Amino acid sequence: MDKLTRKAYELRKDIIEMIYKSKAGHVGGDLSVIDILTVLYFDQMNVSPENFKDSNRDRFLLSKGHCADALFCVLGEKGFYPKQEAITTFSKYGSKFIGHPNTEINGIEINSGSLGHGLSIAVGMSLAAKMDKKDYRTYVVIGDGEMAEGSNYEAMMAAGHYKLNNLCATVDLNGLQISGSTEDVMSSSDLAEKFKSFKWNVIEVQDGNHCMALKEAYELAKKCTDKPTVILAHTTKGKGVSFMENQAKWHHGVLDETQYLQAIKEIDEVLAHE
């Protein structure tokens, strides 16, 4: 098992523990997006606790802000704050680790969770880098259900028009949202063609939970010099826990003790294989 994959599964354990202890969170989406976050934070992005005030750091925006649980675990692992503080206080009274990212927390660029805003903000940050002649890249992760928000399409149009080659979006295509199949709730099929029509470079990753495939995609994105890039990552909601996988009810599910122990057991079994 490569180091990034191992890291992603270790972080899955943190997510399960956080949600079990808090009795809150969006575990299905956390488990689908964690491989993306792992590759970005531990392999691709120039961002760390040491350089977070540096104007030339890379920017990361979690537009699907309801999956803050996963991001909090990643930032804790990265050293922005003690990870156990996030795990043990998430969604508790008085905690700064609430259900969506907020700038009170070290490492968070924007408050997010009102869906459809992340890409527009990322376009602004990318334009600012061009105007300031800075080299940083801006990364934004969007949910596939979130693609029903019209503001995304205005942002896509602007990014293509201004040839923002320093912008990389990732769509977490797990196919499910809180009320069921994304295709049934509000179809956004042919996303590749939609992005291409707005002059984006499109890279599809058929297994968006495969860290090495994601790493290759992000490396390719950096080589695109004349347009923004979107990674369409086909993921599995609840990835890594058998009874959660591809189940819409785990969008916002809470584990009981039996489910918690089973989830930890399954993840430990994966980690046991070198």
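Predicted model: local features only at pLDDT ≥ 70, side-chain atom pairs only at ≥ 80, totals over all residues.
Local features were considered at pLDDT of at least 70 and side-chain atom pairs only at pLDDT 80 or more, whereas totals for chains, interfaces and linings use all residues. Residues are numbered from 1 along each chain as its sequence is written, and side-chain values use heavy atoms, with hydrogens and water left out.

Two cavities of 30 Å³ or more were found in a search of the whole structure. A cavity is here a set of points, on a 1 Å grid over the protein atoms alone, where a 1.4 Å probe fits but cannot get out; lining residues have an atom within 4 Å of a point. Grid points are joined across faces, edges and corners, and a volume is the space filled by probe spheres set on the points. The largest cavity has a volume of about 50 Å³, and its lining includes Tyr-41, Phe-60, Leu-71, Pro-101, Glu-109 and Ser-112. Two elements, β1 (59-62) and α3 (68-78), each give two or more residues to this lining; helices (H or I, at least four residues) and strands (E, at least two) are DSSP runs, numbered from the N terminus. Strand β1 gives the most, with three residues. By class, the lining comprises nine nonpolar, two polar and one charged residues, where Ala, Val, Leu, Ile, Met, Phe, Trp, Tyr, Cys and Pro count as nonpolar, Asp, Glu, Lys and Arg as charged, and the others, Gly among them, as polar. The second largest cavity has a volume of about 40 Å³. Among the residues lining the second largest cavity are Tyr-41, Met-45, Asp-58, Arg-59, Phe-80 and Glu-109, and its lining divides into six nonpolar, one polar and three charged residues.

Helix α3 is largely enclosed by the rest of the structure, because nine of its eleven residues are buried (under 20% relative accessible area; exposed is over 50%, and partly exposed lies in between, with a 1.4 Å probe and protein chains only). The buried residues include Ala-68, Asp-69, Leu-71 and Cys-73. Their cover includes α1 (3-22), α2 (27-44), β1 and α4 (83-89). The helix is followed by Gly-79, which has a positive phi near 100 degrees.

Ser-112 lies in the loop between α4 and α5 (118-132) and is buried, at a relative accessible area of 14%. Its side chain reaches the backbone oxygen of Leu-62 at 2.6 Å. Although Ser-112 and Ala-68 are 44 residues apart in sequence, their C-alpha atoms are 9.0 Å apart in space.

Asp-172 is found in strand β3 (residues 167-173) and is buried, with a relative accessible area of 0%. The side chains of Asp-172 and Thr-235 are joined by a polar contact of 2.5 Å (a pair of N or O atoms within 3.5 Å; within protein, one must be able to donate a hydrogen and the other to accept it, and residues adjacent in sequence count only if both atoms are side-chain atoms).

Zero disulfides were found in the whole structure, a disulfide being a pair of cysteine sulfur atoms within 2.5 Å. The sulfur of Cys-211 is 15 Å from the closest cysteine sulfur, in Cys-168, and is therefore too far for a bond. For Cys-224 the closest cysteine sulfur is likewise in Cys-168, at 9.7 Å, also too far for a bond. Cys-211 is buried at 1% relative accessibility, and Cys-224 is buried with a relative accessible area of 12%.

Terms used. 1 Å grid on protein atoms, 1.4 Å probe; cavity = no way out; pocket = protein on both sides within 12 Å on 5 of 7 lines; lining within 4 Å. Contact = heavy atoms within 4.5 Å.
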